[in-house]
Amino acid sequence: MANPTVAYFYDPDVGNFHYGPSHPMKPHRIALTHCLVLHYGLYKKMKVYRPYRASAHDMCRFHSEEYINFLQSVTPQTVQNYTKSLSAYNVGDDCPVFDGLFDFCSMYTGASLEAAVKLNNNHCDIAINWSGGLHHAKKFEASGFCYVNDIVISILELLKYHPRVLYIDIDIHHGDGVQEAFYLTDRVMTVSFHRYGNYFFPGTGDMYESGAESGRYYSVNVPLKEGIDDQTYMQVFKPVIQAVMESYRPTCVVLQCGADSLGSDRLGCFNLSVRGHGECVRVVKGYGLPMLVLGGGGYTKRNVARCWTYETSVLLDDEINNDLPYNEYLEYFGPDFSLHPDITTKQENCNTKEYLDNIRMTVNDNLKNVAHAPSVQMQDVGPDFVGFDLKTELDPDVRNHQEEIDRRIEPVNEFYDGEKDNDKDADGFLDV
């Protein structure tokens with residue numbers, strides 16, 4: 001895809017939430033990523049949006065009303081009144097109640113939903129939401145640090161316009177919530193590359209989990225062992241994605257880029273470099289399909305920020321310097337202050353050639369059973385979910401016209417631009 005139009009969604013408040021002092025999930029990593037995206041100047045090559053915030057109604061596209069009502073009403077101050085609900089909805093240790101919980105869910109989900117609408121209406125070729133990608137959340141409960149499954153909600157939106165959506169997950173944990181949501185349909189193929197075995201969370205994702213009913217063979221799992229490095233990962237990633245593309249022929253791709261598959265991650269046990277992780281993004285982008293690119297896991301936040309910044313540059317076809325630009329969070333990136341530090345560990349790569357060959361063969365055998373490009377009966381397309389209206393004449397009775405949404409693109413002078421910050425011409429734009 002030559003010079004793709006890239007839309008980038010960032011809510012300045014999303015990095016301010018806190019799961020708790022000892023919790024590994026740090027939303028602050030999204031602010032760190034955005035800081036690097038700004039200081040590398042990548043924002044100048046994208047449409048930067050302050051995203052829509054999802055309502056409870058939006059979330060109930062997938063989740064149960066009772067569960068979303070609970071998320072809306074529970075607070076750290078009232079948590080003792082919800083003892084039964086906490087266990088029913090799996091909220092507690094991994095998924096704590098913290099200040100602003102529902103607002104946090106609203107921000108990351110709204111960004112993914114608006115990104116899907118932008119893709120559906122051809123306002124961009126690639127849409128990026130690093131705050132999204134929370135793939136473990138289930139219809140009736142939270143799971144694995146995830147409360148609302150923004151991925152499922154955005155895929156449901158994409159299905160209004162796309163007959164076949166491909167979901168690819170390179171987080172170290174199995175994309176169980178997304179697989180489960182689409183396990184019985186051929187409209188979505190889910191492909192997950194993840195650590196499997198030895199009770200590694202969430203314990204699902206065996207290569208023989210392949211879907212059921214209409215969705216049989218439309219769930220693809222690549223269970224990997226610890227210590228996998230860039231070269232070995234690519235030996236399985238490229239052929240599996242190529243086989244999936246040829247068999248399924250998706251019209252749109254959703255790529256979850258969980259960065260806990262990097263080496264030295266606080267909760268991970270893989271050995272990928274930032275370049276190796278980014279190569280997955282490059283491979284998928286190379287197919288030239290509309291793409292929704294999301295974040296996910298990642299618990300060594302300085303490396304998460306490096307990874308997602310680098311992947312933003314990959315999506316923009318932009319080469320960026322290995323030396324990090326001066327920024328307000330520079331001390332986080334010491335002692336090397338580089339984009340590509342050595343983050344490999346001495347952990348043994350337990351993925352043998354025979355093991356990976358067996359996975360590839362199993363995947364290929366399953367894909368032979370996939371009907372080439374399953375067709376979809378003609379049907380009326382529902383209205384765009386967040387009420388965007390594309391008519392040139394604005395209907396005064398309709399809220400959230402696309403033209404009005406597009407006015408939410410952040411002006412270029414919203415962001416720091418080094419020493420020239422605030423050096424504006426009379427027209428209000430940066431003098432660069």
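Modeller: We will go through annotated sites, salt bridges and a helix pair. This is a predicted model, where local features need pLDDT of at least 70 and side-chain atom pairs count only at pLDDT 80 or more, while totals for chains, interfaces and linings use all residues. Residues are numbered from 1 along each chain as its sequence is written, and side-chain values use heavy atoms, with hydrogens and water left out.

Biologist: Let us start with the record. Which residues does the UniProt annotation "binding site" cover along with Asp94?

Modeller: First, the general idea. UniProt positions are given in the numbering used here, feature names are shortened, and annotations may be inferred rather than shown by experiment. In this case the unreviewed UniProt entry puts Asp94, Gly144 and Tyr299 under "binding site". They span 206 residues in sequence, yet no two of their C-alpha atoms are more than 13.6 Å apart, so they gather at one spot.

Biologist: Where does Asp94 sit?

Modeller: Helices (H or I, at least four residues) and strands (E, at least two) are DSSP runs, numbered from the N terminus. Asp94 falls in the loop between helix 4 (83-88) and helix 5 (101-120). Tyr299 is in another stretch, the loop between strand 8 (291-294) and helix 10 (301-315).

Biologist: Is Tyr299 buried or exposed?

Modeller: Buried means under 20% relative accessible area, exposed over 50%, and partly exposed in between (1.4 Å probe, protein chains only). Tyr299 has 8% relative accessibility, so it counts as buried. Asp94, at 40%, counts as partly exposed.

Biologist: What does Asp94 touch?

Modeller: Contact means heavy atoms within 4.5 Å. Leaving out residues up to four places away in sequence, Asp94 touches His23 and Phe145.

Biologist: Where are His173 and Asp260?

Modeller: His173 is in the loop between strand 4 (165-169) and helix 7 (176-181). Asp260 is in the loop between strand 7 (252-256) and helix 9. His173 is buried at 8% relative accessibility. Asp260 is buried at 0%.

Biologist: What surrounds Asp260 in terms of contacts?

Modeller: Beyond its neighbours within four places in sequence, Asp260 contacts Asp171, Ile172, His173, Asp265, Gly268, Gly297, Gly298 and Tyr299.

Biologist: Now the charges. How many salt bridges are found in the whole structure?

Modeller: A salt bridge is a side-chain nitrogen of Lys or Arg within 4 Å of a carboxyl oxygen of Asp or Glu. The search finds 14. One of them joins Arg282 to Glu279, with the closest N and O atoms 3.3 Å apart. These two are three residues apart in helix 9 (residues 274-285), so about one helical turn separates them. Arg282 is partly exposed at 37%, and Glu279 is partly exposed at 24%.

Biologist: Which salt bridge links distant parts of the chain?

Modeller: Asp317 and Lys285 form one, with closest N and O atoms 2.9 Å apart. Asp317 is in the loop between helix 10 and helix 11 (353-367), Lys285 is in helix 9, and they are 32 residues apart. Asp317 is partly exposed at 47%, whereas Lys285 is buried at 7%.

Biologist: What links Asp11, Asp13 and Arg53?

Modeller: A network of salt bridges links these three.

Biologist: Last topic. At what angle do helix 8 and helix 11 cross?

Modeller: Axes are lines fitted to C-alpha atoms, for helices over the stretch in contact, and angles run from 0 to 180 degrees between N-to-C directions. The axes of helix 8 (residues 230-248) and helix 11 come within 10 Å and cross at roughly 5°. Angles under 35 degrees count as roughly parallel, over 145 as roughly antiparallel, 65 to 115 as roughly perpendicular and the rest as oblique. So helix 8 is roughly parallel to helix 11.

Biologist: Which residues make the contact?

Modeller: Among them are Val236, Val240 and Val244 of helix 8, and Leu356, Ile359 and Val363 of helix 11.
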